[in-house]
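Please keep the sequence and the model at hand while reading.

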Amino acid sequence: MLSTCAISPGLCVVSWLTLKLQVEYEKGDPRNPFNFSRTRKWAMTAALVSFTALTAATGSAYALGYTSMEADLGCSQELAALGLSMYALGFGLAPLVLASFSEEFGRLPMYLASTAIFGLFFIPMAMAQNIQTVLVSRFIQGMSGSTGSTLVGGTLADIWITSERGIPMSLFALMACLMTGLGPVTVGYVEMNVHLQWRWIQWLGLIFSGACLVFMCLVMKETRSSILLTQIAKKLRKTTGDNRYRARVEDERASLKTLIYISFTRPIYLLITEPVVASFSLWVGFAWGMLYCLLESIPYVFQTIYGFNTGELGLAFLSMVVGVLIGWAFNLFVQERAYRRNFGRIGAEARLYSACLAGILFPLGAFIYAWTSYPHVHWIAPLIGVTIITTAIFLIYLAVFSYLADAYLIFASSALAGQSLCRDAATAFPLFTFSMYERLTPQWASTLIACLASLLGVIPFILFFWGAKIRERSRFAKKMAATIEDS
């Protein structure tokens with residue numbers, strides 16, 4: 001095997017005995033996403049987390065418009081709540097296909113197309129004359145908005161090395177959870193204004209989507225190395241007339257049909273065969289379901305028990321914002337330091353210190369929320385419970401992305417798609433939350449959730465102490481290690 005690095009600045013071309021010239025990055029190549037300037041990396045990170053924030057806020061802000069929507073469209077509360085589920089359902093299903101398209105066409109076209117489609121479907125919602133239009137639009141928005149969740153983690157992994165990835169990942173998780181709580185806060189008084197109400201919630205979403213799309217067009221670049229190297233190889237073939245220049249992926253990439261098949265089956269395969277993915281996905285799925293329960297139960301508890309109006313109800317969601325900020329601060333000042341200190345000793349499991357704390361906080365917050373929701377107890381008490389629950393959910397959400405990305409490396413997208421399936425199976429939660437709280441009472445409904453959270457809270461402790469050994473016994477992990485060695 002011969003090697004020459006004089007073809008192009010920063011480019012290394014490896015000549016094989018088969019007379020193919022394999023195009024790879026040379027050390028320090030500025031076209032390698034890892035070597036982008038820090039300014040570029042942070043600008044791209046800001047654009048990505050802005051889209052994540054938009055999709056999160058859109059998902060939850062919708063719930064504050066139920067009252068005027070029901071009156072305007074003549075639909076039941078159950079049908080209005082179905083829009084919350086349709087959005088999350090689209091979030092769960094789309095990544096099974098979109099991951100394949102990102103491999104075939106790159107991440108940048110996916111982001112630009114998704115952001116544009118996401119924004120456009122605010123228009124039919126804002127002008128809808130029936131609930132069916134709203135539900136279809138919400139589903140399509142959920143599908144297009146899913147790139148703000150499932151692709152962002154992979155893109156951040158494309159541009160930030162492992163030791164630098166913690167803070168960008170935490171910002172991503174911060175926006176995903178923070179804006180879920182802040183969305184209702186921002187639109188509570190919009191819903192109260194008889195001249196605005198639920199339709200202007202959608203128009204505001206369109207305005208913010210347009211701003212996000214412009215930001216992305218200005219700062220985003222392609223980050224998937226297989227796409228970039230393929231483009232370089234094609235350019236070399238064109239300029240030199242030598243068809244031997246090839247990117248490795250050009251000879252290894254499967255057809256789009258095969259990629260879609262793999263995208264559908266590999267996440268399910270990992271869920272079935274990988275105990276680490278299965279257990280963590282079950283836990284994060286339940287936690288995400290609890291987040292949707294809060295979106296439905298907070299209006300019921302604070303309007304029924306404490307007599308909050310819509311504006312005050314929106315402000316009650318600030319407790320979720322506070323919880324997310326506490327979780328983010330803990331991750332930044334405690335988890336990240338513990339990770340850097342212990343990664344060399346225990347590997348990917350160093351990402352789980354905050355998850356273990358969340359295993360304790362989650363049921364604790366749920367029990368507080370359950371047994372302080374009484375008229376004779378000040379409303380701040382259940383909001384403290386909501387704050388603790390949200391802190392735990394944030395820590396779980398961040399841990400699942402960071403841990404699975406470190407543990408499954410090049411197959412992180414498939415592992416994350418697997419957990420996304422479980423997380424978005426929680427789309428059903430809003431459909432029964434109102435009935436559950438009405439029939440069981442808020443105290444016993446929240447107690448049921450707290451008991452389930454207590455059972456699932458052992459998962460991070462098991463993974464922290466035995467996760468590495470569990471993965472060592474995995475056939476998939478051995479196959480992954482062999483693939484990495486060959487690449």
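**Core packing, cysteines and backbone**

Leaving aside neighbours within four places in sequence, Ile298 is in contact with Cys293, Gln303, Leu313, Ala316, Phe317, Met320, Tyr369 and Val386. These contacts are read from a predicted model, and the points below are grouped by topic.

*Nonpolar cores*

- The largest nonpolar core holds 128 residues, and within this core Ile298 and Phe362 are the residues that touch the most other members.
- Both domain 1 (10–253) and domain 2 (263–486) contribute residues to this core, so the core lies between the two domains.

*Cysteines*

- The number of disulfides in the structure is zero.
- Cys217 is accordingly in no disulfide, and the cysteine sulfur nearest to Cys217, which belongs to Cys212, is 9.7 Å away, whereas a disulfide would call for sulfur atoms within 2.5 Å.
- Cys451 has a relative accessibility of 38% and therefore counts as partly exposed, given that this class lies between the limits of 20% and 50%.

*Helix 10*

- Arg199 is found in helix 10, which spans residues 197–219, and because its relative accessibility is 18%, Arg199 counts as buried, the limit for that class being under 20%.
- When residues up to four places away in sequence are not counted, Arg199 touches Asp72 and Leu73, together with Met125, Ala126, Met127, Ala128 and Gln129.
- Gln197 also lies in helix 10, but with a relative accessible area of 26% Gln197 is partly exposed, whereas Arg199 counts as buried.

*Positive phi values*

- Most residues other than glycine have a negative phi, and the two residues that follow are described against that background.
- The phi of Gln197, a residue other than glycine, is positive, with a value near 55°.
- Thr441, likewise a residue other than glycine, has a positive phi near 80°.
- Thr441 lies in helix 20, which covers residues 429–456, and because its relative accessibility is 31%, Thr441 counts as partly exposed.

Conventions
Residues are numbered from 1 along each chain as its sequence is written. This is a predicted model: local features need pLDDT of at least 70, side-chain atom pairs count only at pLDDT 80 or more; totals for chains, interfaces and linings use all residues. Side-chain values use heavy atoms; hydrogens and water are left out. A nonpolar core is a set of buried Ala, Val, Leu, Ile, Met, Phe, Trp, Tyr and Cys residues joined through side-chain atoms within 4.5 Å. Buried means under 20% relative accessible area, exposed over 50%, partly exposed in between (1.4 Å probe, protein chains only). Domain bounds come from an automatic or database domain assignment. Contact means heavy atoms within 4.5 Å. Helices (H or I, at least four residues) and strands (E, at least two) are DSSP runs, numbered from the N terminus.
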